[in-house]
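User: I am new to reading structures and would like to learn how to look at pockets and at strands. Could you take me through them step by step?

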Amino acid sequence: MKAQIYKIHSDFYYANLENSISGLIECKLREVLKKQKIKIKVGDFVEIDENNAIISLLDRKNTLSRPQVSNLDIVAVVASFLEPKIDFIQLNRYLTFLKVHKIPAFICINKDDLMEREDFIKAKEEIEKIYKPLGYDILYTSAILKDGIEEFKNYIK
């Protein structure tokens, strides 16, 4: 049976069976895989036998070592306009890292409520001038005011 790993705790792996609505099942890694030093990560697709033992790791479409996750569909790179002020060098590093690992990303700029309207429009134009031509979607949110939160949720569905 094919399943996807959702959680790892100690030597236990919690997986959701493909096409199942029954919830997570608890699995163990077969000894032969441990001896082969197969490293299972959250997000991995695996084959599970009738005893809920993981018998093989299936191909990954992408993977990260920190945090240890695989098969990501999309990543939100979140930055703030203020408090702390947006760090374009750090933002570029994250986006480059994700591009190298072939992981789709979008940018979420939070805390737009901390800016005056004119400053917000100016900052938004600057950000979009840089990142829109590179193909990045940009969402603007305010966690405090709940602005853009529904759009964010719909984007990551």
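User: Which residues line the largest pocket?

Analyst: In this predicted model, the lining of the largest pocket is made up of Leu-64, Pro-67, Val-75, Ala-76, Val-77, Val-78, Tyr-94, Phe-97 and Leu-98, and the space within the pocket comes to about 150 Å³.

User: How should I read the pairing of strands, and in what order do the strands of the barrel follow one another?

Analyst: As a general idea, strands of a sheet pair through backbone hydrogen bonds, and they do so either parallel or antiparallel. Here five strands close into a barrel in the order S1-S2-S3-S5-S4, with mixed pairing. Neighbouring strands of this sheet are turned by 55 degrees against each other on average, if direction is ignored.

User: Which strands run parallel, and which run antiparallel?

Analyst: S3 (residues 24-29) and S5 (residues 53-57) run parallel and are joined by two bridges, with Leu-29 having Ile-54 in S5 as its bridge partner. S4 and S5, by contrast, run antiparallel and are joined by three bridges, and there Val-46 has Leu-57 in S5 as its partner. S1 (residues 2-9) also pairs with S4 (residues 45-48) in the antiparallel sense, over three bridges, and Gln-4 stands opposite Phe-45 in S4.

User: What lies between the strands in the hairpin of S4 and S5?

Analyst: Four residues lie between these strands, and in this hairpin Asn-52 takes a positive phi near 60 degrees.

Methods:
Residues numbered from 1 in each chain as written. Predicted model: local features only at pLDDT ≥ 70, side-chain atom pairs only at ≥ 80, totals over all residues. Heavy atoms only, no water. 1 Å grid on protein atoms, 1.4 Å probe; cavity = no way out; pocket = protein on both sides within 12 Å on 5 of 7 lines; lining within 4 Å. Points joined across faces, edges and corners; volume = space filled by probe spheres on them. Pairing = 2+ DSSP bridges. Axes fitted to C-alpha atoms, helices over the stretch in contact; angles between N-to-C directions.
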